[in-house]
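Subject: Structure handover

Hello,

Here is the structure I promised to pass on. Please open it and keep it in view while you read my notes below.

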Amino acid sequence: MRTLLRAALTAAAAILALTLESSVAPKLHLPYAVPDLILLATLALAAEWGTSGGAAAGFMAGLIQDLAPPSLSAVGRHALVLTLIGALAGRAAREVRRSALRTSVLAGFYAALALILDTVIGLALGDGIGLSGSGLLLALGATALYTAVATPLIVPGLAILARRADGAGARYLAPVGNAVEGAIFPGPAHTSPGLRSEAERV
């Protein structure tokens with residue numbers, strides 16, 4: 001159940017992020033780039049789900065981005081990039097929780113790193129980058145800055161949903177009567193008379 005809840009939340013977050021990134025962000029007329037909202041969604045989920053959960057969320061979000069029209073890049077390109085970013089963000093989950101400023105700085109760093117990885121993969125596939133050297137540097141700086149600024153709008157709320165999704169999954173999986181932390185040992189009130197007498201003799 002927990003896996004299904006995680007998959008549903010990841011898909012919903014990725015689709016919403018892509019919709020905002022493709023329809024709303026361009027209307028802001030920001031120079032050189034737009035904030036990487038789908039990366040922010042991956043970062044928020046990875047902060048709560050750890051390295052493996054973040055990698056899985058990144059792969060699913062990237063695959064949705066690869067398949068979303070109009071897709072001009074090779075399928076799997078964004079999935080690979082966001083898988084790596086999700087794994088890195090999951091490892092740095094403790095840093096993400098320390099302060100809002102540190103979270104924004106990390107988000108900007110991951111956004112720049114994702115753009116670099118995507119560019120390298122594109123060059124390896126022969127797709128080119130369509131930007132000059134100075135244009136690429138401006139795009140890197142703008143993407144990092146805009147993503148960092150957008151972080152407080154995306155990451156905290158989605159992280160709370162990710163935490164609740166895991167909590168709901170745990171409740172579904174827990175046996176009835178055992179939804180408590182720690183092991184349960186039978187006390188005198190829960191032990192049958194025969195067992196109690198054996199314990200008293202020992």
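The largest cavity holds about 30 Å³ of space. Please note that this is a predicted model. The structure has 1 cavity of 30 Å³ or more.

Which residues line the largest cavity? They are Thr 10, Ala 13, Ala 14, Ala 41, Thr 42, Leu 45, Ala 57 and Ala 61. Sorted by type, the lining has 6 nonpolar residues, 2 polar ones and no charged ones. Helix 1 (2-24) and helix 2 each give at least two residues to this lining. The largest share comes from helix 2, with 5 residues.

Now look at helix 2 itself. Helix 2 covers residues 37-67, which makes 31 residues. A straight helix would reach 45 Å at 1.5 Å a residue. In this model, the end C-alpha atoms of helix 2 are only 17 Å apart. Where is the kink in helix 2 centred? Find Gly 50: the kink is centred there, and its angle is about 145°. Is helix 2 largely enclosed or left open by the rest of the structure? Of its 31 residues, 23 are buried, so helix 2 is largely enclosed by the rest of the structure.

Next, the loop between helix 1 and helix 2. Two residues there deserve a look. Most residues other than glycine have a negative phi. His 29 is not a glycine, yet its phi is positive, at about 55°. His 29 sits in the loop between helix 1 and helix 2. Is His 29 buried or exposed? His 29 has a relative accessible area of 69%, so it counts as exposed, the cut-off being over 50%.

Tyr 32 is the other residue to check. Its phi is positive too, near 75°, and Tyr 32 is not a glycine either. Tyr 32 is also in the loop between helix 1 and helix 2. With a relative accessible area of 58%, Tyr 32 is exposed.

Last, step back to the whole chain. How many helices and strands does the protein chain have? There are 7 helices and 0 strands. From the N terminus on, the elements read α-α-α-α-α-α-α. The chain has 202 residues, and 41% of them count as buried. Take the contacts between residues at least 6 apart in sequence: 73% of these join residues at least 24 apart.

Best wishes

Note on methods. Residues are numbered from 1 along each chain as its sequence is written. This is a predicted model: local features need pLDDT of at least 70, side-chain atom pairs count only at pLDDT 80 or more; totals for chains, interfaces and linings use all residues. Side-chain values use heavy atoms; hydrogens and water are left out. Helices (H or I, at least four residues) and strands (E, at least two) are DSSP runs, numbered from the N terminus. The expected span of a helix is 1.5 Å times one less than its number of residues. The bend at a residue is the angle between axes fitted to the seven residues ending there and the seven starting there. Buried means under 20% relative accessible area, exposed over 50%, partly exposed in between (1.4 Å probe, protein chains only). On a 1 Å grid over the protein atoms alone, a cavity is a set of points where a 1.4 Å probe fits but cannot get out, and a pocket is an open set with protein on both sides within 12 Å along at least five of seven lines; lining residues have an atom within 4 Å of a point. Grid points are joined across faces, edges and corners, and a volume is the space filled by probe spheres set on the points. Ala, Val, Leu, Ile, Met, Phe, Trp, Tyr, Cys and Pro count as nonpolar, Asp, Glu, Lys and Arg as charged, and the others, Gly among them, as polar. Contact means heavy atoms within 4.5 Å.
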